[in-house]
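Trainee: I would like to learn how to read this structure with some care. Could we look at it together, one feature at a time?

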Amino acid sequence: MAKFKHKSGGICEVLTQSNIEALRKNPQYKEMIDKKEKTKTEENKPIEEQSSEENK
């Protein structure tokens, strides 16, 4: 499941992978990432990727 915010302010939760991919490509929507999910994904990344993101 992913959450997206429309540029006008509305929020929607998307369950299917095909719909998630469609909204990621749509410039009207921005994906919302929870702090909990962000830390989980960062834990799974190799150390090199984490340090390169921090340097940006």
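Trainee: Is Arg24 buried, exposed or partly exposed?

Mentor: Buried means under 20% relative accessible area, exposed over 50%, and partly exposed in between (1.4 Å probe, protein chains only). With a relative accessible area of 48%, Arg24 is partly exposed. Please keep in mind that this is a predicted model, where local features need pLDDT of at least 70 and side-chain atom pairs count only at pLDDT 80 or more, while totals for chains, interfaces and linings use all residues. Residues are numbered from 1 along each chain as its sequence is written, and side-chain values use heavy atoms, with hydrogens and water left out.

Trainee: Which side chain does Arg24 meet in a salt bridge?

Mentor: A salt bridge is a side-chain nitrogen of Lys or Arg within 4 Å of a carboxyl oxygen of Asp or Glu. Arg24 forms such a bridge with Glu31, at 2.9 Å from N to O, and Glu31 is partly exposed too, with a relative accessible area of 29%.

Trainee: How many salt bridges does the structure hold?

Mentor: The structure holds two salt bridges, and one of them joins the side chains of Lys3 and Glu13 at 3.8 Å, N to O. This pair links distant parts of the chain, 10 residues apart, with Lys3 in strand S1 (residues 2-6) and Glu13 in strand S2 (residues 11-14). Lys3 counts as partly exposed, at 27% relative accessibility.

Trainee: In which sense do S1 and S2 pair?

Mentor: Helices (H or I, at least four residues) and strands (E, at least two) are DSSP runs, numbered from the N terminus, and two strands pair if DSSP finds at least two bridges between them. Here S1 and S2 pair in the antiparallel sense over four bridges, with Ala2 opposite Val14 in S2. The two strands form a hairpin with four residues between them, and Gly9 in the turn has a positive phi of about 115 degrees.

Trainee: Which residues make up the largest nonpolar core?

Mentor: A nonpolar core is a set of buried Ala, Val, Leu, Ile, Met, Phe, Trp, Tyr and Cys residues joined through side-chain atoms within 4.5 Å. The largest one here has five residues, namely Ala2, Phe4, Val14, Ile20 and Leu23, and S1 and helix H1 (17-25) each supply at least two residues of this core.

Trainee: How does the whole protein run from the N terminus on?

Mentor: The protein has three helices and three strands, and the elements follow the order β-β-α-β-α-α from the N terminus. Buried residues make up 11% of its 56 residues.
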